[in-house]
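Please open the model in your viewer and display it as a cartoon.

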Amino acid sequence: MFNEAQDLLTRQFGQLVTPEEAIRELERVGALIQNSHIVYVKGGHGDKYVDLAKVTGPYTASRICVPIAYHFRHYQIDLVVAPVQKAPKFAEWVAYYLTLATMPFTGKEVNNIWAEKLPGGGFGFRSSHEPLVRGAKVLVVEDTINSGGTSQDTVAASRRSGAEVVAVAGIWNRGGVTAEKLGVPKLYSLIDLQMDNYPAANCPLCAEGRPINTAVGHGLDFLKNQAEKIAQPVA
Ligand SMILES: [Zn+2]
């Protein structure tokens, strides 16, 4: 078993994807659209669209998680925690590769669980997971980090349940978020790239007449609202 784990690990860690390769991989599976004209959820416009929920295949998900596990292989992580609505799939692959890296020495698997939204606000764990969190060295894994709010909630839940949060890791840090902002010792992002987000009224893509992407994001609503505004006589 241990030899097999070491073989697998050498093979995976021997060919870590670079951020550029990860970006191409995300484009290939439709999780990233570039050079388009997207309307984001809060109404801003930009030329890129990222939705890591579109990474549905294990090949891509596992490949982009290997560099995270590699980065933290000496951190003695016991437990990987993900916010439930975002990243459990990635957390599982990170935990898997961390297990391959560390089980030969520790004899233990690295577990992965999720934090879920509590009815009163904030995040927490189901009671059956609480004993795993208590006293554990935790790595919080995210898909995209935007403002960092979900990461902070997940970190807070882990600490409240008695964990030592060693770091936060994300596939894509698109908000320029820092470890200081998250209040953790370390933040690692495979892709650390901010995305332009223009106010709709001042969007260079609108100015150049680039067609709005209606297939993803909120482009369709935006166009509908604009059409209504034009149809409405000015009082
Ligand atoms: Zn625009």
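**A tour of the sheet and its helices**

Begin by selecting β5 and β6, which pair in the parallel sense over five bridges. Strands here are DSSP runs of E with at least two residues, helices are runs of H or I with at least four, and both are numbered from the N terminus; two strands pair if DSSP finds at least two bridges between them. The model is a predicted one, in which local features need pLDDT of at least 70 and side-chain atom pairs count only at pLDDT 80 or more, while totals for chains, interfaces and linings use all residues. Residues are numbered from 1 along each chain as its sequence is written.

Within this pair, highlight valine 81, which stands opposite isoleucine 113 in β6.

Glutamate 116 has glycine 124 in β7 as its bridge partner. The hairpin of β6 and β7 has five residues between the strands; select glycine 121 there, which takes a positive phi near 105°.

Now display the whole open sheet of six strands, whose order is β7-β6-β5-β8-β9-β10, with mixed pairing. Its edge strands, β7 (123-124) and β10 (187-192), each pair on one side only.

Move to β8 (residues 137-145) and β9 (residues 164-173), which pair in the parallel sense over eight bridges. Here valine 140 stands opposite valine 168 in β9.

Select helix α4 (residues 88-106) next: α4 lies across β5 (79-83), β6 (111-117), β8 and β9, running at about 165° to β5.

How far apart are the axes of α3 and α4, and at what angle do the helices pack? The axes are 8 Å apart and the angle is about 55°. The two helices are therefore oblique to each other, the class left after under 35 degrees (roughly parallel), over 145 (roughly antiparallel) and 65 to 115 (roughly perpendicular).

To view the contact (C-beta atoms, placed from the backbone, within 7 Å), select Ala61, Ser62, Cys65, Val66, Ile68 and Ala69 in α3, which meet residues of α4 including Phe90, Trp93 and Tyr97.

Note on methods: Two residues are in contact if their C-beta atoms, placed from the backbone, lie within 7 Å. Axes are lines fitted to C-alpha atoms, for helices over the stretch in contact, and angles run from 0 to 180 degrees between N-to-C directions.
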